[in-house]
Amino acid sequence: RRMIDGRFAMTHSSYTRQRIFDAFNELLNHMPFEKITVEMIINQSGVSKSTFYRYFHDKYDVLNFNSMVLAERLIGQRVCRSWREFLLHMCRGIAEDSWYYRRAFRSSGQNAHSGFLYSYSFGIVEKCYLSSTGQTSLSVRDRYTISLYCHGCVGILQEWLNTPEDMTPEDLAGLFYEAMPEYLRNTWIVEEN
């Protein structure tokens, strides 16, 4: 986006990407992810095949980038001051868009949604840990600990989305916080805008 006459306006590329996202979400709202094809996304969005491939590799790329946009929107909506607050905010946001996440988790294969969420969450924990400790890279122990934690959270999130009545978003956030290794809990950093 860029500023025009004191207002934010979409650039052509962000407008095109948004059309693809909207088309994908509309399709996902009416059918399982595995039945959606790139051709369907192209037809629904009204973009050309070459335009689609200029922005995305495949439908998994659209799914994962769309999820990143949702996550960034959740993260950017407020400044969280701790892991506990961050996890609560994320779980509530996921609960609000639970239909999307349930369908997204049905993707499988190399670019599955679960793999994206693992990588994305690993990146957040790694960034906070390195920033708060002043280290430039993770030790083997830290890498495996963060990996174990993130894999577990993604697995539990997927299970919870299939049976949300078992636990509230607040309970789920508390579980994620309690499962976080204690030495990681104090590594949250607040970025100033």
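Of the 193 residues of the chain, 41% count as buried, that is, under 20% relative accessible area with a 1.4 Å probe and protein chains only. The model is a predicted one, in which local features need pLDDT of at least 70 and side-chain atom pairs count only at pLDDT 80 or more, while totals for chains, interfaces and linings use all residues. Residues are numbered from 1 along each chain as its sequence is written, and side-chain values use heavy atoms, with hydrogens and water left out.

The average pLDDT (the predictor's confidence in each residue, from 0 to 100) is 85 over the chain, and 87% of the residues score at least 70. Strand β1 (residues 2-4) has the lowest confidence, with a mean of 43, whereas α9 has the highest, at 96. Residues 1-9 have a pLDDT below 50, and this stretch makes ten contacts in the model beyond near neighbours in sequence; a contact means heavy atoms within 4.5 Å.

Ten helices and two strands make up the secondary structure of the chain; these are DSSP runs numbered from the N terminus, with helices (H or I) of at least four residues and strands (E) of at least two. Among contacts with a separation of 6 or more, 65% join residues 24 or more positions apart.

Buried residues of α8 include Asp142, Thr145, Ile146, Tyr149, Cys153, Leu157 and Trp160. An α-helix has 3.6 residues a turn, so residues three or four places apart point the same way. The cover over the buried residues of α8 includes α5 (83-96), α6 (98-104), α7 (113-133), α9 (169-179) and α10 (182-185).

The model holds one cavity of 30 Å³ or more, a cavity being a set of points on a 1 Å grid over the protein atoms alone where a 1.4 Å probe fits but cannot get out. The volume of the largest cavity is about 350 Å³. Its lining has 18 residues, of which Phe86, Leu87, Met90, Ile94 and Ser121 are the closest to the centre. Helices α5, α7 and α8 each give two or more residues to this lining, and the largest share, six residues, comes from α5.

Technical notes:
Buried < 20%, exposed > 50% of the residue type's maximum accessible area, 1.4 Å probe, protein only. 1 Å grid on protein atoms, 1.4 Å probe; cavity = no way out; pocket = protein on both sides within 12 Å on 5 of 7 lines; lining within 4 Å. Points joined across faces, edges and corners; volume = space filled by probe spheres on them.
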